[in-house]
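Please open the structure in a viewer and keep the sequence at hand.

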Amino acid sequence: MAIIFNEKTKEFHLYNDQVSYLMKVMRNGQMGQLYFGKRIPQKENYDYLTENAYRPVTAYKYEGEYSFTLEHLKQEYPSYGTSDFRMPAVEILQENGSRITDFQYVSHKIYAGKPALQGLPATYAESDDEADTLEILLRDELLQVEMTLLYTIFQKENAIARSVRFQNNGTQNQQITTAMSLSLDLPDADYEWLQFSGAWGRERYVKKRRLEQGIQSIGSTRGASGHMHNPFVVLKRPAADEFQGEVMGFSFVYSGNFLAQAEVDTFQVTRMMIGIHPESFSWCLKPGESFQTPEAVVVYSDSGMNQMSQTFHRLYRTRLARGYWRDRERPVLLNNWEATYFNFTEEKLLNIAQTAKDAGVELFVLDDGWFSTRCGETSGLGDWWPNTDRLPNGIKGLSEKIEALGMKFGLWFELEMVNKDSELYRAHPDWILHTPNRHVSHGRQQYVLDFSRKEVVDYIYEMTAKILRESKISYIKWDMNRNITECYSIAYEACRQGEIFHRYILGFYDLYERLTSEFPHILFESCASGGGRFDPGLLYYAPQAWASDDTDAAERLKIQYGTSYAYPLSSMGAHVSITPNHQLNRMTPLKTRGDVACFGAFGYELDLSQLSESEMEEVRQQIVFVKKYRKLLHSGTFYRLLSPFDGNITAWMVVSEDKKHAVAAYFKVLNDINCEFRRIRLQGLDASMCYRAVDEAGRSESFYGAELMQIGLIATDSSAGQVIGDESLCTDFWSKIILLDADEA
């Protein structure tokens, strides 16, 4: 068992070979934080880690005593107002108007394995020997509200999952207004904060700054995790980089409103919190009711950011993603959206599909415009039945014809939305989220269905399931193209209106759970105007997500690089699209587009029949490459080598688990004249193995792993534009793939 409780000192020690997490029951009965970091030995007493001294302008717990104040104690799940003036992890508004609470230790349980969180996505253990769980029960005696802190430590990963459960055993209603999933008090503030932020078309850009006294935070109040900020932040020591130094990553397994916050107090203690955003949130906890927060995961690394990311990759790829497609090779797909938009017929789709099949594509996906009266963005959403004017044989007939070509068939949905010009809205105008007697804002001429209501979710489920039962569908792209405004549900009483954002997400998860349970062999890919809901919560239901609507290869370097800090390559939908690119009107080589996209869930977003024969041959070779290496690319160990946020050159690589094979990629955005000599140091290889490095021209040379990692691979190119011998001409938006295989001799 990887959790020790010292009965004498009331200390808990969660540990594995890599990390230790120490906390204790303090003298006032509340939980105190002692240490989180690299593994330390177990010993009888860690009391020296509890620092508390007299400070001016401080409130103290015990009358006549100046040695105990919550303001300067590191705590495990703090509240506000009883001598701690920092932002709280929990706040409960009571019937008498008070917000003061006092949750004290009652008991604890330690057991093997990991519990599921009812109605919520969460990491899991496939066997009891993979993880150990600690539940600490605390109670506010006055309120008769119980709070259970849940901790799971994974045996083979330097990761700890946390969440909190509340239970009202009293006789009065309690209004929870803040309930974070994780709070961690750190003994100093010598950290750099990394967030992954941007906007539509430039999601998850890396932003970095030093922590200072005060509050640093990101979040979303949009009803979704959002394009603007990802529910993931990193604290790293200033000297830490990709390959060395102390790093902590904080990830929130949730798809709705969130807050990630670091508060540095006047004595340089850092309080890190992540959870549901308190803005517009409250939960009416009536007698006998319970509330469970979503899960947060914290990962520790003492070997830089790559090690942290690799832990998240393994954990999220194999113990968050589930089901039939979790470990399977993902099909090469072609999506018709940028090929046709709304302008298609069945004949046109079949012609596109036939060309794709001839090139080696395995899955054809029909995007928006196949249902009801949908010929543009103003009508049809909510009416999930085929448009037989466009598709005379319906989805059933089209899917059968696609399968007859030797391909699988996929379909686009946007199940959470409705147009006013739809049969659904005309029948149930009250089914949208709206505030009575207030104007209702639209986004893209659509409105958000009230998924906090079971009857709405049931209706959408039955319509969707009917299509899936009748047709041969192997893939679903689940889109979401607007955020929530005027958040109110007419189905709930006033005291529950603060619950609607969260209840909406619970309804959304319920629909996903029901569809993935009834149709377990369908590959789901989540989408939200590109990367507007790219979060761990969705990986539990859909093992891949559309990373961004921006398909430009140069822009995707930053998007995929930033995304890789928390998310595995297998989760990133990445497609080759046409040039000029439809988002930037930029021209990039087909080769570069393919080289970027192959480091993700690979596909095409164009009409292949419009390409030249030489381009088609290049496409065929791209598909051969992806099919040969996709298992390695998706399940190997990913290393970031050179960042697009730091310069003109990007490099990354993937290494097989046995270290015998690797794929390295080198990208130069803009050409440079008469460039300096360049080398790129590879990572993750076996120093003693001899590797044969093969470039795209078939030229090969052998190197020991130690050479490649310590000296590096020569990356100088013909940047002057002068070609000598068999050198290839380097251009703007240039890329190179190197294959490495260990010699078997």
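This is a predicted model: local features need pLDDT of at least 70, side-chain atom pairs count only at pLDDT 80 or more; totals for chains, interfaces and linings use all residues.

**Helix 3 and helix 4**

Begin by selecting residues 346–359, which form helix 3, and residues 394–404, which form helix 4; their axes come within 10 Å and cross at roughly 25°. Helices (H or I, at least four residues) and strands (E, at least two) are DSSP runs, numbered from the N terminus. Axes are lines fitted to C-alpha atoms, for helices over the stretch in contact, and angles run from 0 to 180 degrees between N-to-C directions. Helix 3 and helix 4 are therefore roughly parallel to each other, where angles under 35 degrees count as roughly parallel, over 145 as roughly antiparallel, 65 to 115 as roughly perpendicular and the rest as oblique. The crossing of helix 3 with helix 4 is right-handed; a crossing is left-handed if the near helix is turned anticlockwise from the far one by less than a right angle, and right-handed if clockwise.

Now display the side chains between the two. Glu346, Leu349, Leu350 and Ala353 of helix 3 meet Leu398, Lys401 and Ile402 of helix 4, contact meaning heavy atoms within 4.5 Å. By class, five residues of this contact of helix 3 with helix 4 are nonpolar, none is polar and two are charged. In this scheme Ala, Val, Leu, Ile, Met, Phe, Trp, Tyr, Cys and Pro count as nonpolar, Asp, Glu, Lys and Arg as charged, and the others, Gly among them, as polar.

Residues are numbered from 1 along each chain as its sequence is written, and side-chain values use heavy atoms, with hydrogens and water left out.

**Asn336**

Next, select Asn336, in the loop between strand 21 (333–335) and helix 2 (337–340). Is Asn336 buried or exposed? With a relative accessible area of 0%, Asn336 is buried; buried means under 20% relative accessible area, exposed over 50%, partly exposed in between (1.4 Å probe, protein chains only). Not counting residues up to four places away in sequence, Asn336 touches Tyr341, Phe344, Leu349, Phe364, Val365, Leu366 and Asp367. A polar atom of the Asn336 side chain lies 2.6 Å from the backbone nitrogen of Asp367.

**The loop between strand 11 and strand 12**

Move to Gly198, in the loop between strand 11 (192–197) and strand 12 (205–210). Which residues does Gly198 contact, leaving aside its neighbours within four places in sequence? They are His227 and Met228. Gly198 and Met228 are 30 residues apart in sequence, yet their C-alpha atoms are 4.8 Å apart in space.

Arg204 can be selected in the loop between strand 11 and strand 12 as well. Although Arg204 is not a glycine, its phi is positive, at about 60°. Arg204 counts as buried, at 2% relative accessibility.

**Asn437**

For another positive phi, select Asn437, a residue other than glycine with phi near 65°. Asn437 is found in the loop between helix 5 (423–427) and strand 25 (447–448), and is exposed, with a relative accessible area of 86%.

**Helix 6 and helix 7**

Select helix 6 (residues 454–470) and helix 7 (residues 500–518), whose axes come within 10 Å and cross at roughly 25°. That makes helix 6 roughly parallel to helix 7. Helix 6 passes helix 7 in a right-handed crossing. Among the residues making the contact are Val457, Ile460 and Leu468 of helix 6, and Leu511, Arg514 and Leu515 of helix 7. The contact of helix 6 with helix 7 comprises seven nonpolar, two polar and five charged residues.

Ser570 lies in the loop between helix 9 (553–563) and strand 29 (572–577), and is buried, with a relative accessible area of 4%. Its contacts, leaving aside neighbours within four places in sequence, are Arg317, Arg330, Pro543, Gln544, Ala601 and His634. Then select Pro580, in the loop between strand 29 and helix 10; the peptide bond from Thr579 to Pro580 is cis, with omega near 0°.

**Helix 10 and helix 11**

Finish with helix 10 (residues 590–597) and helix 11 (residues 613–635), which pack at an angle of about 20° with their axes 10 Å apart. Leu590, Lys591 and Gly594 of helix 10 make the contact with Glu615, Glu618, Val619 and Gln622 of helix 11.

Conventions. A polar contact is a pair of N or O atoms within 3.5 Å; within protein, one must be able to donate a hydrogen and the other to accept it, and residues adjacent in sequence count only if both atoms are side-chain atoms.
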